[in-house]
Amino acid sequence: MAKMSKEQLIATIQECSVKVGHVPSYEELKETMQVQTWVIKKYFGTYRRALEEIGMERYGKGYVLDQKTLYMDWARVTRELGWVPKASEYEERGHHKPRSLVNRSGGWRNVPRCFLEYIRKEHLEGDWKDVQEVVFRYLATPYRQGGPASIVPSFPSRPQIMLDQPMYGGPMLNSPLAFAPINESAVVFLFGAVARQMGFLVTRLQTEFPDCEALRQIDRDRWQLKRIEFEYESRNFLLHQHRVEDCDMIVCWRHNWPECPLEVLELRSIAWEQIEQSGFSVNPVSR
C-alpha cells in the first residue's frame, strides 16, 4: 500500500469496520485492508491506542481492556445495585467478564480498593462520590460478602466513616512510621527510613518509572546497582502496566503477586517492633 497519512489510516480502520461488521481485529485489518505494522506504530504505537483515539473498543480473547473501561463499568454496576457486587452479580449486569477485573486487580476482593486508587489517580472522585461511600462502607465492615461466617462485628453499632477525614493503617510500635502504610508514599518513606540497615544506599529518586535507583551491598566490599519500583502491593506493578525488563526489584508493603518474575521486598514481613533494628533477613522471590 502507498504511503498513508494518519487521517487515511483512521478512515481505513473505519472502512474495515463497515466491511467486517464489527470493530476489526488487527489480523482482520491487515488481511482486509493490507495495512502494514509500521503504519500503526508510526502514528499510534499500538493498535489498541489507535482504536481508543478513534473511539472504538474491541473486546475478546487476547485483547487487554484498559483500566478506565473496566473500573468505570464496575462502578456503574455498583451504583445500580447500591452495594459492592459479587462476581456473579457483576457477570449478570456488567459489560465484561469478571476475569478481566480479576486479572487487572489481582483478585476479585481487590477490585473495590483498586477502583478507589484509580479514581484518585485520575481525579475522578467528584463523579463517583456515591460509589466511594458504598466502597468505604464495604471496606470498613468486618463481615463482607463471601467472608467467613464466624467473623461478626464486635461493636454495638457499625462505625461511621467520615469521608472528609484521613484514614490510617494499624499502629506500628518503635517504627519511624507511626501507622502501617495504606499507600505507596508511605512505602517510600518507610523504605527510606530502614534502607541503610537493609544494605541499600539510595542514589536517585524520580517521578518516572522506575521510582528509585540504589546501590545494594552484596558482600563486605561489593555493591550492585538496583532499579527499584515502589508499590503498596506488588500486584500494582501489573495494574500500572510497568515493563518487567526495565526494573530489578519491587519494594512494597504487601506482596500479593506470587508469580512475580522480579525480586520482591515485602516490608510487612519485617516484624514491626524490629523495623529499626539491623540484622533481619529478607527472603526475595526467586527469579
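These legends accompany close-up views of a predicted model of one protein chain.

**View 1. The whole chain and the model's confidence.**
The predicted chain holds 11 helices and 5 strands. Of its 287 residues, 41% count as buried. Among contacts between residues at least 6 apart in sequence, 42% join residues at least 24 apart. Mean pLDDT is 79. A value of 70 or more is reached by 78% of the residues.

Where pLDDT is low, the predicted coordinates should not be read in detail.

**View 2. The five-stranded sheet.**
The sheet is open, and its strands follow the order β1-β2-β3-β4-β5. Pairing is mixed. Strands β1 (200-205) and β5 (263-266) form the edges, each pairing on one side only. On average, neighbouring strands are turned by 35° against each other, direction ignored.

**View 3. The β2-β3 pair.**
Strand β2 covers residues 212-219, and strand β3 covers residues 222-233. The two run antiparallel and are joined by 7 bridges.

The bond between Phe-209 and Pro-210 is cis. Its omega is about -10°. Pro-210 belongs to the loop between β1 and β2.

**View 4. Helix α10 across the sheet.**
Helix α10 spans residues 184-194. The helix lies across β1, β3, β4 (249-254) and β5. Relative to β3, α10 runs at about 150°. Which residues of α10 are buried? They are Ala-186, Val-187, Leu-190, Phe-191 and Val-194. These residues are on the same side of α10, because they cover an arc of only 135° around the axis. Their cover includes β1, β3, β4 and β5.

**View 5. The N-terminal cap of α10.**
Which residue caps the N-terminal end of α10? The cap is Asn-183. One of its side-chain oxygens lies 3.3 Å from the backbone nitrogen of Ser-185.

**View 8**
Helix α8 runs over residues 111-121. Of its 11 residues, 8 are buried, so the helix is largely enclosed by the rest of the structure. The buried residues are Val-111, Pro-112, Arg-113, Cys-114, Phe-115, Leu-116, Tyr-118 and Ile-119. Note that Arg-113 is in this buried set. What covers the buried residues? Helices α5 (67-81), α7 (98-105), α9 (129-140) and α11 (236-239) take part, and so does strand β3. After α8 comes His-123, with a positive phi near 60°.

**View 6. Cys-16 in helix α1.**
Cys-16 sits in helix α1, residues 6-20. Is Cys-16 buried or exposed? Cys-16 is buried, with a relative accessible area of 0%. Beyond its neighbours within four places in sequence, Cys-16 is in contact with Pro-24, Glu-28, Leu-29, Thr-32 and Met-33. Leu-29 is 13 residues away along the chain. The C-alpha atoms of Cys-16 and Leu-29 are separated by 6.4 Å.

**View 7. Gln-34, a loop residue with positive phi.**
Gln-34 lies in the loop between α2 (26-33) and α3 (37-43). Its phi is near 55°, a positive value in a residue other than glycine. Gln-34 is partly exposed, at a relative accessible area of 46%. That value falls between the 20% limit for buried and the 50% limit for exposed.

**View 8. Gln-241, between α11 and β4.**
The loop between α11 and β4 contains Gln-241. Gln-241 is not a glycine, yet its phi is positive, about 60°. Its relative accessibility is 42%, so Gln-241 counts as partly exposed.

Definitions and conventions. Residues are numbered from 1 along each chain as its sequence is written. This is a predicted model: local features need pLDDT of at least 70, side-chain atom pairs count only at pLDDT 80 or more; totals for chains, interfaces and linings use all residues. Side-chain values use heavy atoms; hydrogens and water are left out. pLDDT is the predictor's confidence in each residue, from 0 to 100. Two strands pair if DSSP finds at least two bridges between them. Helices (H or I, at least four residues) and strands (E, at least two) are DSSP runs, numbered from the N terminus. Axes are lines fitted to C-alpha atoms, for helices over the stretch in contact, and angles run from 0 to 180 degrees between N-to-C directions. Contact means heavy atoms within 4.5 Å. Buried means under 20% relative accessible area, exposed over 50%, partly exposed in between (1.4 Å probe, protein chains only). The arc is that of the directions from the helix axis to the C-beta atoms. A polar contact is a pair of N or O atoms within 3.5 Å; within protein, one must be able to donate a hydrogen and the other to accept it, and residues adjacent in sequence count only if both atoms are side-chain atoms.
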